[in-house]
Amino acid sequence: MRIGLLTEGGYPYATGEARLWCDRLVRGLPQHEFEIYALSRSAEQERARVPLPEHVTRVRTAPLWAPADDGRTYSRRERRRFVDCFKELVQGICAGEAQPFAAGLYGLAELAREQGGMYAALRSESAVRALESACRAPGAARTVQTAQVADLLEFVDELEVMLRPLSLDWYEENAQAGGGLGEADICHATAGGVAALPGLLAKRFFGVPLLVTEYGVQLRAHYLAQLDTRGEQETRPAVRALLAAFHLRLATEIYARADFLTPGNAHARRWQERCGATRERLRTVYPGMEADRFATVGEAADCGDPDTLVWVGRAEPAKDLIALLHAFAEVRRAAPGTRLRIFATAVAPDYLADCRSLAAQLFPDEAADSVTVGENPVTFEEIGGPDAPTTAEAYGAGRVVVLSSVIEGFPVTLAEAMLCGRATVSTDVGAVCEVIGGTGLVVPPRNPRALAEACLSLLQDPERAQRLGAAARARALELFTVEQNVAAFQEVYLRLLAKGSVRPDGEIPFARPPEARVPGHWTSPTWAPAPESSSEAAV
């Protein structure tokens with residue numbers, strides 16, 4: 001099977017969990033041929049590429065961070081066609097209408113397919129005037145109607161970047177690049193949003209089945225990013241409203257057209273259903289983690305220091321370490337010998353400094369006697385040090401692992417703690433309850449007192465903590481391993497292929513052997529024979 005894997009800002013370049021699950025999927029299915037089509041977000045990201053297995057036959061990258069002016073200008077007729085399509089697109093954005101948005105999107109894609117890139121057209125005065133008319137039209141959202149010229153120019157710049165996949169040469173075979181997405185058996189988008197846009201076009205023009213996986217809902221991530229403007233210039237309200245409307249319309253179109261959707265948890269699934277995804281095309285596939293990394297700690301008889309709480313994750317405001325520190329102050333009043341070890345996998349420097357300052361105020365350094373150096377019961381550490389060389393050993397440092405977040409998607413650190421056989425205390429956000437499934441304690445977010453009481457109940461009852469940890473490990477081994485993840489996607493791939501792709505030319509999957517592929521220009525229809533040049537005729 002030939003699978004076109006679509007990524008954005010991740011595999012095969014970036015580090016992190018998004019890169020890891022793609023790598024595990026590809027390596028777990030060596031019987032298939034993978035082609036990777038990556039949208040990159042920065043030059044730094046492209047500098048480090050992970051080693052790829054032999055059955056990854058092609059990697060093609062399109063930078064969204066670099067200017068994309070190909071010097072292409074349209075004739076008068078082409079400009080009229082562009083304006084007509086662009087008017088439909090922005091009407092759908094401003095008025096929240098699905099039909100004109102889809103018509104404009106695919107109309108622009110047809111134009112780009114036939115005539116080349118739209119960089120100049122999207123930044124033209126005609127585009128700005130069409131957007132202004134759509135903003136002022138009856139039915140447009142109230143905030144959108146307040147857009148000024150600066151807002152229109154800023155949004156057009158953003159829109160040009162988001163629509164770059166329409167102008168890529170990824171879709172049809174050509175002599176320079178080899179096969180394209182139009183020749184794939186399945187397009188698998190590893191995220192929604194812009195990452196899935198090439199898959200939409202491959203389905204539209206060539207009938208390639210589209211599978212979309214979302215472990216973090218892109219629409220939700222965009223909303224959260226707009227709310228968090230610390231350290232950056234705040235986006236103007238009209239621009240923010242236009243961007244939100246575009247992402248909503250794009251998400252709705254993706255969920256409506258995808259052949260199958262695999263959300264990573266029920267929390268993501270609910271978002272997709274609210275945006276129009278139908279239940280018969282949905283299947284929850286949990287992320288897969290390498291259970292072997294945590295086997296030594298998870299199967300050890302030692303359950304960690306009974307007087308130590310452990311927190312692991314990225315030190316940032318969404319993790320609400322401030323509430324955790326206040327909760328720990330309550331824990332210390334009831335159990336003075338308790339320690340809190342915070343292991344930061346990554347940090348927001350200013351936030352970490354605030355947390356350190358609060359810890360110093362709440363917990364002055366303590367010493368056992370007059371000749372012992374005092375130390376703080378709260379420590380901020382990094383994984384890789386002498387006391388915790390690995391992530392598993394960080395979780396193993398204590399008997400109870402705490403998650404204090406106010407925002408979560410799929411809580412990876414929680415699943416890792418479960419694989420380590422640790423009892424957990426978590427806030428009820430995102431997919432936490434779904435992941436825990438009754439094997440840990442859950443409290444409301446932003447409630448330090450409830451968090452403290454739950455921690456104390458496990459610290460004071462070590463047998464209960466041990467039972468919960470054993471149940472948590474059994475649940476994680478059943479649901480959150482690489483093996484179950486790979487097996488689920490293998491089944492989905494076969495299901496999509498068995499249904500048969502509804503291609504424009506009626507082609508049957510596997511009816512044409514791989515060696516029969518003949519390179520041709522990507523703008524040529526799939527049914528057209530490859531043109532013979534004079535040199536080919538001579539041969």
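Two strands pair if DSSP finds at least two bridges between them. The views below are taken from a predicted model.

**View 1. Strands β4 and β5 pair in the parallel sense.** Three bridges join β4 (residues 186-189) to β5 (residues 210-214). Ala189 lies opposite Val212 of β5. Helix α8 (residues 197-206) packs on the sheet and touches β1 (2-8), β4 and β5. The direction of α8 makes about 165° with that of β5.

**View 2. Six strands form an open sheet with parallel pairing.** The strand order is β3-β2-β1-β4-β5-β6. β3 (56-63) and β6 (260-263) are at the edges with a single partner strand each, so one side of each has no neighbour in the sheet. On average, and with direction ignored, neighbouring strands of this sheet are turned by 15° against each other.

**View 3. Helix α11 (residues 266-274) has three buried residues, His267, Ala268 and Gln272.** Seen down the axis of α11, these buried residues fall within an arc of 140°, so they line one face of the helix. Asn265 caps the N-terminal end of α11, with a side-chain oxygen 3.1 Å from the backbone nitrogen of His267. Gly276 follows α11 and has a positive phi, near 110°.

**View 4. Phe82 and Phe86 touch the most other members of the largest nonpolar core, which has 78 residues.** Helix α10 (residues 237-257) gives the most to this core, ten residues. A second, separate core has 39 residues, among them Leu358, Val443, Ala450 and Leu458.

**View 5. Contacts of Phe82 beyond its neighbours within four places in sequence.** Phe82 is in contact with Tyr74, Leu108, Leu111, Met118, Ala121, Leu122 and Ala127.

Key. Residues numbered from 1 in each chain as written. Predicted model: local features only at pLDDT ≥ 70, side-chain atom pairs only at ≥ 80, totals over all residues. Heavy atoms only, no water. Core = buried A, V, L, I, M, F, W, Y, C linked by side-chain atoms within 4.5 Å. Buried < 20%, exposed > 50% of the residue type's maximum accessible area, 1.4 Å probe, protein only. Helix = DSSP H or I, 4+ residues; strand = E, 2+ residues; numbered from the N terminus. Contact = heavy atoms within 4.5 Å. Arc of directions from axis to C-beta. Polar contact = N/O pair within 3.5 Å; in protein donor to acceptor, adjacent residues only side chain to side chain. Axes fitted to C-alpha atoms, helices over the stretch in contact; angles between N-to-C directions.
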